[in-house]
Amino acid sequence: MSLIECDNITKRYGSTLALDGVTLSLEAGAPIALIGPNGAGKTTLFSLLCGFLRASSGDVKIMGYSASDSRLHGRLAALPQDANLDPRFTVGHQLTMLARLQGMSSGVAHKEVLRVLDKVGLPEVIVKKPEALSHGMRKRVMLAQALMGSPELILLDEPTAGLDPPNVKVMRSLIAEAANNATFIISSHNLDELERVCKSVVHLEQGKLKGVVDIAQSRSSGYYTVVMAEMPVAANIIIASLKSLPSVNNVTFNEPNRFVIEYDAAQAGLDLTIMQCLSDKGWPYRQLVNGRTLEDQLYFGSE
Ligand SMILES: Nc1ncnc2c1ncn2[C@@H]1O[C@H](COP(=O)(O)OP(=O)(O)OP(=O)(O)O)[C@@H](O)[C@H]1O
């Protein structure tokens, strides 16, 4: 059974179509990134997965249950983008209260709060009020809150927004460590940051699913991008020639004049072979670039 199944989900806010026929299946395991520009529908998708919102149409299943099913209680945690701590109470008081709401006795709740604060490296803040914490520390406390009760699925909406680079690094390694015990889905604008911690990327744009890229797999592949000066023959003829070169696994064409060549990362010297092939045929190319960025995979297709 998949961790998450979205079947043709649509979400409307009045006349705004925030999600438009999203069908998606995600498995438990290493962290998954959710990326897309402002207004793409990331927060809306999170809210549907947490059961905060209902889809206008389509079906969402988490671990086989509908998203608002009470049997998911304690198995799923969400850290909303604008989550905040109450300035009136100490961190310990607030987290203990939340643990009690999860059904823990006061003794168990206290131990659980100590455990999760320790996990995020901040055991000392238990007696502090939020005003005494830096922005980075508050984000870590919010992560601690999401870890309470050891949920299997944790949704983090922009967990590193507004953090400086050292704090981003700390957050990233905390997530990487906690990811041994739960599946994280993390939304962010920052691809670089996510690439290091996530195994796959779900890409949303204007409410539509643009693709799911497996980063782990693409790491074992090398890429060249050829930009043609002109298209002397049909794209499929050039694709066939490039595909016939040794160690080339796949070639994709991106309009109007660009080919992405995927090959075994272990193979060296393929660039010369590619150039030789193109010049033997008399096909003029403008540029041969080593590699392909994650942006290329997402915005120009992966297969
Ligand atoms: N409560 C709401 N009422 C009306 N429209 C909404 C509401 N929430 C979101 N929208 C609209 O739905 C679309 C998707 O918004 P959403 O917040 O899900 O995007 P997002 O990808 O999370 O954006 P951001 O990166 O800016 O947080 C946008 O056009 C937004 O204006």
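By class, how many nonpolar, polar and charged residues does the shell around the ligand have? The shell has three nonpolar, seven polar and one charged residues, in what is a predicted model. The protein chain holds 10 helices and 14 strands, and its C-alpha trace spans about 75 × 40 × 35 Å along the principal axes. Of its 303 residues, 33% count as buried, and among contacts between residues at least 6 apart in sequence, 66% join residues at least 24 apart.

**Division of the chain**

- The protein chain is divided into domain 1, covering 4–216, and domain 2, covering 222–300.
- The C-alpha centres of domain 1 and domain 2 lie 39 Å apart.

**Surroundings of the ligand**

- The residues that surround the ligand are Tyr13, Thr16, Ala18, Gly36, Asn38, Gly39, Ala40, Gly41, Lys42, Thr43 and Thr44.
- Strand E2 (16–26) and helix H1 (42–50) each supply at least two residues of this shell, and the largest share, three residues, comes from H1.

**The open sheet that includes E1 and E2**

- Four strands form an open sheet in the order E2-E1-E4-E5, with antiparallel pairing; the edge strands are E2 and strand E5 (65–66), each of which pairs on one side only.
- Strand E1 (residues 4–13) runs antiparallel to E2 and is joined to E2 by seven bridges, with Cys6 standing opposite Leu24 in E2.
- Asn8 counts as partly exposed because it has 13 C-beta neighbours inside 10 Å, where the partly exposed class lies between the limits of 12 or fewer for exposed and 20 or more for buried.

**Strand E3 and its parallel partners**

- E3 pairs in the parallel sense with strand E8 (residues 183–187) over three bridges, and the bridge partner of Ala33 in E8 is Ile186.
- E3 also pairs in the parallel sense with strand E9 (residues 200–205), here over four bridges, and Ala33 stands opposite Val201 in E9.

- The buried residues of helix H2 (residues 91–101) are Val91, Leu95, Thr96 and Ala99; because they cover an arc of only 120° around the axis, they are on the same side of H2.
- An α-helix has 3.6 residues a turn, so residues three or four places apart point the same way.
- The buried residues of H2 pack against helix H3 (106–119) and helix H4 (135–147).
- H2 is followed by Gly103, which has a positive phi near 100°.
- In the loop between H4 and strand E7 (153–157) lies Ser150, which has a positive phi of about 50° although it is not a glycine.
- With 15 C-beta neighbours inside 10 Å, Ser150 counts as partly exposed.

**The hairpin of E12 and E13**

- Strand E12 (residues 248–254) and strand E13 (residues 258–264) run antiparallel and are joined by six bridges, forming a hairpin with three residues between the two strands.
- The bridge partner of Asn254 in E13 is Arg258.
- Pro256 is placed in the loop between E12 and E13, and a cis peptide bond, with omega about 0°, joins Glu255 and Pro256.

**The loop between H9 and E14**

- Gly282 is placed in the loop between helix H9 (270–281) and strand E14 (285–290).
- Gly282 counts as exposed because it has 8 C-beta neighbours inside 10 Å, and the exposed class takes residues with 12 or fewer.
- Gly282 and Pro232 are 50 residues apart along the chain, and their C-alpha atoms are separated by 8.6 Å.

Conventions:
Residues are numbered from 1 along each chain as its sequence is written. This is a predicted model: local features need pLDDT of at least 70, side-chain atom pairs count only at pLDDT 80 or more; totals for chains, interfaces and linings use all residues. Two residues are in contact if their C-beta atoms, placed from the backbone, lie within 7 Å. A residue is near a molecule or strand if its C-beta atom, placed from the backbone, lies within 6 Å of it. Ala, Val, Leu, Ile, Met, Phe, Trp, Tyr, Cys and Pro count as nonpolar, Asp, Glu, Lys and Arg as charged, and the others, Gly among them, as polar. Two strands pair if DSSP finds at least two bridges between them. Domain bounds come from an automatic or database domain assignment. The arc is that of the directions from the helix axis to the C-beta atoms.
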